[in-house]
Amino acid sequence: MAVIAGAEATALLAAAGWYAYELFSGSPVLSFWGAVFTLGLLLAFSAWLYAVAVFLYRGYRWTRAAALVAQLFVLTIGVPTLTSGLVLAGLAMLVPAVIAIIFLFTNKVVSHASRTGSAPPTL
């Protein structure tokens, strides 16, 4: 499951790189600062997914909820993409998201992601 989240974060980072290249190479946009804000959102979401992947691999409990929210966001983008005629792009979003959601509820992932944090320091 952590591999899927990491792969999605990498794909999102690549999309942000492409978006930045298009933005700064002079492609026309309606609002430059709106496009910069969108780029910032892409980069922030990619960093968030990398953190989720790392901490899910380490077994922290909170990462299951964060990964589920990320997959639901992907589904809300992937379904309209698929139905608008961009079949390959839609499937590239939907298939990993559905697989990740299924994995999130398997017994192995639930038992692995049961760590709540470090013990408090003692004096």
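## Contacts of Ala2

In this predicted model, Ala2 touches Ala53, Leu56 and Tyr57, leaving aside residues up to four places away in sequence.

## Nonpolar core

Ala2 also belongs to the largest nonpolar core, which has eleven residues.

## Helix α3

With 22 residues at 1.5 Å a residue, α3 should span 32 Å; the end C-alpha atoms of α3 are 33 Å apart, which agrees.

Thr63, Ala66, Ala67, Ala70, Gln71, Val74, Gly78 and Thr81 are the buried residues of α3. Viewed down the helix axis, these buried residues fall within an arc of 130°, so they line one face of α3. They pack against α1, α2 and α4. On the face turned away from the buried side, α3 carries the exposed residues Thr76 and Thr83. Just after α3, Gly85 has a positive phi of about 110°.

## Whole chain

The chain contains five helices and zero strands, in the order α-α-α-α-α from the N terminus. Along the principal axes, its C-alpha atoms fill a box of roughly 60 × 40 × 15 Å.

Of the 123 residues, 29% count as buried. The accessible surface of the chain is about 7900 Å², and 76% of this surface belongs to carbon and sulfur atoms. Among contacts with a separation of 6 or more, 62% are between residues 24 or more positions apart.

Note on methods
Residues numbered from 1 in each chain as written. Predicted model: local features only at pLDDT ≥ 70, side-chain atom pairs only at ≥ 80, totals over all residues. Heavy atoms only, no water. Core = buried A, V, L, I, M, F, W, Y, C linked by side-chain atoms within 4.5 Å. Buried < 20%, exposed > 50% of the residue type's maximum accessible area, 1.4 Å probe, protein only. Contact = heavy atoms within 4.5 Å. Helix = DSSP H or I, 4+ residues; strand = E, 2+ residues; numbered from the N terminus. Expected span 1.5 Å × (residues − 1). Arc of directions from axis to C-beta. Areas by Shrake-Rupley, 256 points an atom, 1.4 Å probe, with all protein chains shown as cover.
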